[in-house]
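Colleague: Could you take me through one part of this model up close, the nonpolar core and the helix packed into it? Keep the cut-offs in, please.

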Amino acid sequence: MRQKLFNQIILYRRRWISLVAPLIVLYLVLRERYPWLPGWSCPIRHATGLPCPGCYLTRSITCSLSGQLGEALYWHVMGPPIALTLLGFCGLTIIGQPVI
């Protein structure tokens, strides 16, 4: 009984990640080309005026996905590794391998 429930949860997570990762990559690539697309602002920076550790991460990832590594590292050092992780999830989804 527990094993069946556990397997269902794992299957649900795999399906969710295989759907969401490509959509995130698509949005970030489109955001680089069309900066007027809506996005989310940092609530910490909005409330305090100080950037949080995740601020400018979206810009860094979009620069990484468009091949601008220097600018990506300027915005946030974790952008390129996260972009590679997202691309890896997309690749695994395309070839049908389980992500988790």
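Modeller: The largest nonpolar core has eight residues: Ala-21, Val-25, Leu-28, Leu-57, Ile-61, Ala-83, Leu-86 and Cys-90. A core here is a set of buried Ala, Val, Leu, Ile, Met, Phe, Trp, Tyr and Cys residues joined through side-chain atoms within 4.5 Å; buried means under 20% relative accessible area, exposed over 50%, partly exposed in between, with a 1.4 Å probe and protein chains only. Helices (H or I, at least four residues) are DSSP runs numbered from the N terminus.

Bear in mind that this is a predicted model, where local features need pLDDT of at least 70, side-chain atom pairs count only at pLDDT 80 or more, and totals for chains, interfaces and linings use all residues. Residues are numbered from 1 along each chain as its sequence is written, and side-chain values use heavy atoms, with hydrogens and water left out.

Now zoom in on H3. Its buried residues are Leu-57, Ser-60, Ile-61, Thr-62, Cys-63 and Ser-64, and their cover includes H1, helix H4 (69-75) and H5. Thr-62 counts as buried because its relative accessibility is 5%. Skipping neighbours within four places in sequence, Thr-62 is in contact (heavy atoms within 4.5 Å) with Leu-28, Arg-31 and Glu-32. Just after H3, Gly-67 takes a positive phi of about 90°.

Key. Helix = DSSP H or I, 4+ residues; strand = E, 2+ residues; numbered from the N terminus.
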